[in-house]
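Open the model in your viewer, and let's walk through one site together, a selection at a time.

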Amino acid sequence: MKRTDYINWDEYFMGIALLTAMRSKDPSSQVGACIVSPENKILSLGYNGMPIGCDDDAMPWDREGEPLDTKYMYVCHAELNAILNSAHNNLKGARVYVTLFPCNECAKAIIQSGISEVVYYGDKYHDSDSSVAARFMFKKAGVRLTPYTPSGRRTELEL
Ligand SMILES: Nc1ccn([C@H]2C[C@H](O)[C@@H](COP(=O)(O)O)O2)c(=O)n1
Ligand SMILES: [Zn+2]
């Protein structure tokens, strides 16, 4: 008889997004994204980090200070990285699993790439202008927004 306690698709893809986030060097928010085809095939992964060629150790990771001395000017968001990493894949009708609700800039990229559903875990900036604008655009563009419901299953990996 087959096993019955296997993880479901949502747990699998959000789990991979959470694992991918662990690659981030951002000291305050580690974000992961996993793009999946309608056939449940993983098309791409991304996490928030500095652009290629920009040495992590030479870039600012601060949240506050002069704008040019903060990470916000430079960091590439998880969702954008996942979209850019999937350059040869057609993302039409795909869904993206993200550990944090997308910002307005990533919302634009998600919409333009043809992704039709966002499954998100955290939403800690829900009331920010960026999140409000992202929701506004997603609604206009018909992108489905699905809050992830944690199953409560805990797992431990020996890495
Ligand atoms: N959906 C998102 C939202 C944020 N990020 C990145 C951008 C920063 O590296 C970090 C947020 O930093 P905080 O303001 O919380 O210190 O998360 C992302 O990749 N995707
Ligand atoms: Zn973003």
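Start by selecting Glu79, which sits in helix α2 (residues 78–85); helices here are DSSP runs of H or I with at least four residues, strands are E runs of at least two, and both are numbered from the N terminus. In its unreviewed entry, UniProt annotates Glu79 as "active site"; UniProt positions follow the numbering used here, feature names are shortened, and annotations may be inferred rather than shown by experiment.

A word on what you have open: this is a predicted model, in which local features need pLDDT of at least 70 and side-chain atom pairs count only at pLDDT 80 or more, while totals for chains, interfaces and linings use all residues. Residues are numbered from 1 along each chain as its sequence is written, chains are lettered from A and ligands numbered from 1 in the order written, and side-chain values use heavy atoms, leaving out hydrogens and water.

Is Glu79 buried or exposed? Glu79 is buried, because its relative accessible area is 4%; buried means under 20%, exposed over 50% and partly exposed in between, using a 1.4 Å probe and protein chains only. Now show its contacts (heavy atoms within 4.5 Å). Beyond neighbours within four places in sequence, Glu79 touches Ala33, Val98, Leu100, Phe101, Pro102, Cys103, Cys106 and Ile110.

Next, select the zinc ion (ligand 2). Its protein donors are His77 (ND1), Cys103 (SG) and Cys106 (SG), at 2.0 to 2.3 Å. Donors are N, O and S atoms within 2.8 Å of the metal (3.2 Å for Na, K and Ca), and water is not among the atoms, so sites may look incomplete. Along the chain, the donors of the zinc ion (ligand 2) are spaced H-x25-C-x2-C. Distant parts of the chain are linked here: His77 lies in the loop between β2 (42–47) and α2, and Cys106 in helix α3, 29 residues apart.

UniProt's unreviewed entry also lists His77, Cys103 and Cys106 under "binding site". They spread over 30 residues of sequence yet cluster in space, with a largest C-alpha distance of 8.8 Å.

Click through these residues one by one:

- His77 is partly exposed, at 31% relative accessibility.
- Cys103, in the loop between β3 (95–100) and α3 (104–113), is buried at 14%.
- Cys106, in helix α3, is buried at 3%.
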